[in-house]
Amino acid sequence: MADLFGCAPSPGALASMTRKIAGAIAPALDAVRGALAAAGAAHLDETGFRVAGRLAWVHSASRGRHVLVAVHEKRGKDGMDAAGVLPAFGGIACHDAWAPYDCYSGAAGRAPCNAHVLRELAAVTETGTDADVIWARQAIDALLALKKAADQARAAGSAAISAQTLEEHSRWFREAAAAGTALNAGRRTALQKKRHALASRMSAREADYLRFASDLRVPFDNNPAEQVIRMAKLRIKVSGCMRSMRGAEIFCAIRSYPATAARHGIGRLDALARAASGSPWIPRTG
């Protein structure tokens, strides 16, 4: 911050300036919300965030050149509504398989994170029976084969992967999920219950999990959302807790603004200096 102000500011001056910047960048964040709500697809995530000794939640939405990070006392729909993206969002929602994301009927579709399901399937190969290992590996192979085909199609400028490849590996995924459901139908142990829940979810949400293969605009995983939210996790790991909700809101606002600026080729320090001077950079919309 000494580079920004020309000297090392006092804690009081620094707090005052962060409040000023947070107020100045409000129009920029409104533009970010609008751009994300209009996006064809968006990455969404949430994580716990200690504020004033209590558990709050950081919510993130991002896609392409726009990043929004917000904080709320609730994890579910109330917090998502307050962030201001999902209520107006009409694209493909990329997220983990947490149920509250499905509350928004305006979304054109959903794409649960396949990195998550690959980790769950890998756990089945490590803890399941020999028969469980077979269906889990079959599902992994099907997902990775479709990902490779989708990546190759994008690299070649194709609009879609071959119909044969899509049908064949989708069928392998479907049959693997059916086998996992049947093998663990008894649900006699905790691990059996987990395997049954995973396989049942794969069956019920097959179209969502494989959306990346039928629509090349859709990403395979939700890793970009986890990258956006990582700084919030690091902030709490270092400090332990934010002192107030207002301080947490300012932190999230100031995270959103330079992150979006950087994706537009605007230096983070330059963006903050412009906001501090009262003339913040605002991303163009439309």
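Trainee: Where is Ala-52 placed?

Mentor: Please note at the outset that the model is predicted. Ala-52 sits in the loop that joins β1 and β2. Its backbone deserves attention: phi of Ala-52 is near 50°, a positive value in a residue other than glycine.

Trainee: How is burial judged, and is Ser-60 buried or exposed?

Mentor: The cut-off is a relative accessible area under 20% for a buried residue. Ser-60 has a relative accessibility of 5%, so this serine counts as buried. Ser-60 lies in strand β2 (residues 54-63). Neighbours within four places in sequence being left aside, the contacts of Ser-60 are His-43, Leu-44, Asp-45, Leu-68, Ala-225, Val-228 and Ile-229.

Trainee: Which residues does Ser-170 touch, when those up to four places away in sequence are not counted?

Mentor: On that count, Ser-170 touches Leu-146, Glu-206 and Leu-210. Ser-170 is located in helix α7 (residues 163-183). With a relative accessible area of 9%, Ser-170 is buried. For the protein chain as a whole, 46% of the 286 residues are buried.

Trainee: Let us turn to aromatic rings. How many aromatic pairs does the structure hold?

Mentor: There are four aromatic pairs in the structure. One of them joins Phe-49 and Phe-251, with 5.9 Å from centre to centre and 20° between the planes. Planes under 30 degrees apart count as stacked, and the pair of Phe-49 and Phe-251 is therefore stacked. Phe-49 belongs to strand β1 (residues 41-51) and Phe-251 to helix α12 (residues 245-263), so this pair ties together parts 202 residues apart in sequence. Both Phe-49 and Phe-251 are buried.

Trainee: What is the arrangement of the pair formed by Phe-212 and Phe-220?

Mentor: Phe-212 and Phe-220 form an edge-to-face pair, with 4.9 Å centre to centre and 90° between the planes. Phe-212 is buried, and Phe-220 is buried too.

Trainee: Next, the packing of helices. At what angle do the axes of α5 and α6 cross?

Mentor: The axes of helix α5 (residues 114-127) and helix α6 (residues 130-155) cross at roughly 155° and come within 8 Å. An angle over 145 degrees counts as roughly antiparallel, so α5 is roughly antiparallel to α6. The crossing of these two helices is left-handed.

Trainee: Which residues meet where α5 and α6 are in contact?

Mentor: From α5 come Asn-114, Val-117, Leu-118, Leu-121, Ala-122, Val-124 and Thr-125. They meet residues of α6 including Trp-135, Ala-136, Ile-140 and Leu-143.

Trainee: Finally, what does the secondary structure of the protein chain come to?

Mentor: The protein chain has 13 helices and five strands. Its C-alpha atoms fill a box of roughly 65 × 45 × 30 Å along the principal axes. Among contacts with a separation of 6 or more, 61% are between residues 24 or more positions apart.

Key
Residues are numbered from 1 along each chain as its sequence is written. This is a predicted model: local features need pLDDT of at least 70, side-chain atom pairs count only at pLDDT 80 or more; totals for chains, interfaces and linings use all residues. Side-chain values use heavy atoms; hydrogens and water are left out. Axes are lines fitted to C-alpha atoms, for helices over the stretch in contact, and angles run from 0 to 180 degrees between N-to-C directions. Helices (H or I, at least four residues) and strands (E, at least two) are DSSP runs, numbered from the N terminus. Angles under 35 degrees count as roughly parallel, over 145 as roughly antiparallel, 65 to 115 as roughly perpendicular and the rest as oblique. A crossing is left-handed if the near helix is turned anticlockwise from the far one by less than a right angle, and right-handed if clockwise. Contact means heavy atoms within 4.5 Å. Buried means under 20% relative accessible area, exposed over 50%, partly exposed in between (1.4 Å probe, protein chains only). Rings of Phe, Tyr and Trp (its six-membered ring) pair if their centres lie within 6.5 Å; planes under 30 degrees apart count as stacked, over 60 as edge-to-face and the rest as tilted.
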